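Subject: The structure for you to look at

Hi there,

Here is the structure I promised to pass on to you. Have a look at it first, and then read my notes below.

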Amino acid sequence: MKRGLLIVISGPSGVGKDTLIRRLLEVDPKLKYSVSGTTRKPRPGEKPDENYTFLTRDQFESLAEKGAFLEHATYNGHLYGTFRDRVERARDAGQDMVLKIDVQGAEQVRQLLPDAILIFVVAPTEEELKHRQEQRGSESAQDLASRRQIAEREMTYVSHYDHVVTNDDIERATGEILDLIRRARERQT
Ligand code: 5GP
């Protein structure tokens, strides 16, 4: 059986990564989302083990010490990590895994697994990104401000990625990513 692909999706906060990934999974049932662990508190409507596995800092650190994370990073004061066993098991079963991780995590994945497909999602304009961040409204003003600062820094990593996709329209951007995945699958055969 073919080993599943590893598809990494990064991009500034508010660019629409969650919506894009939801749509990708709806359209292509062969894709599976890697649910990360985090010490961040759940946002309204977020479900444990669906959006994230919510962990205390102690739990996270003890898992990290045991090597449970393929990669992990601190983002805006919280820890986030990809569960190694979730990714390995799914890929061994031939499933293509989608990871939504920040630029630090993507760098680690690039080193560990050079065959990963790294995709960076950008907004059509800076104004549009600002607008989407404000619309989300799930963060405090302080949180929003620091996420914006991080986003500016993250944008400098664009060139480290294999592909840059503009999220100007969710269906179009989903189609573009599916096309990249289709081509990677073709290369595997
Ligand atoms: P949020 O708090 O908005 O859900 O996520 C904040 C940032 O953490 C986003 O850039 C997201 O891609 C990143 N992130 C989510 N899960 C992981 C993970 O497992 N590892 C890393 N390195 N970043 C993650």
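Before the notes, one term: helices (H or I, at least four residues) and strands (E, at least two) are DSSP runs, and they are numbered from the N terminus. Please also keep in mind that this is a predicted model.

With those labels in hand, let's begin with a loop. Asn 76 is found in the loop between E5 and E6. Asn 76 is not a glycine, and yet its phi is positive, at about 50°. Asp 49 is another residue to look up: its phi is also positive, about 65°, although Asp 49 is not a glycine either. You will find Asp 49 in the loop between strand E3 (36–38) and strand E4 (52–54).

Now to the ligand. How many residues surround the ligand? There are 16, and the closest are Ser 36, Arg 40, Tyr 52, Glu 71 and Tyr 80. Strand E5 (69–75) and strand E6 (78–83), the two on either side of the loop with Asn 76, each supply at least two residues of this shell. Sorted by kind, the shell holds 5 nonpolar, 4 polar and 7 charged residues.

- Glu 71 has an N or O atom in its side chain that is 2.7 Å from a nitrogen atom of the ligand.
- Arg 43 places a polar side-chain atom 2.8 Å from an oxygen atom of the ligand.
- Gly 81 takes part through its backbone, where a polar atom is 3.1 Å from an oxygen atom of the ligand.

How much of the ligand does the protein bury? Taken alone, the ligand exposes 510 Å², and the protein buries 98% of that. The space that the ligand takes up is the largest pocket.

Finally, the aromatic rings. A pair of such rings is described by how far apart the centres are and by the angle of the planes. Counting rings whose centres lie within 6.5 Å gives 6 aromatic pairs. One of them is Phe 120 with Tyr 161: the centres are 5.0 Å apart and the planes stand at 65°, so this pair is edge-to-face, since the cut-off for that class is over 60 degrees. Phe 120 belongs to strand E8 (residues 117–122), while Tyr 161 is in the loop between helix H6 (141–154) and strand E9 (163–166), so the pair ties together parts that are 41 residues apart in sequence.

Enjoy exploring!

Key. Residues are numbered from 1 along each chain as its sequence is written. This is a predicted model: local features need pLDDT of at least 70, side-chain atom pairs count only at pLDDT 80 or more; totals for chains, interfaces and linings use all residues. Side-chain values use heavy atoms; hydrogens and water are left out. A residue is near a molecule or strand if one of its heavy atoms lies within 4 Å of it. A polar contact is a pair of N or O atoms within 3.5 Å; within protein, one must be able to donate a hydrogen and the other to accept it, and residues adjacent in sequence count only if both atoms are side-chain atoms. Accessible areas come from the Shrake-Rupley method with a 1.4 Å probe; for residues, only the protein chains shown count as cover. On a 1 Å grid over the protein atoms alone, a cavity is a set of points where a 1.4 Å probe fits but cannot get out, and a pocket is an open set with protein on both sides within 12 Å along at least five of seven lines; lining residues have an atom within 4 Å of a point. A molecule sits in a cavity or pocket if more than half of its atoms lie within 2 Å of its grid points. Ala, Val, Leu, Ile, Met, Phe, Trp, Tyr, Cys and Pro count as nonpolar, Asp, Glu, Lys and Arg as charged, and the others, Gly among them, as polar. Rings of Phe, Tyr and Trp (its six-membered ring) pair if their centres lie within 6.5 Å; planes under 30 degrees apart count as stacked, over 60 as edge-to-face and the rest as tilted.
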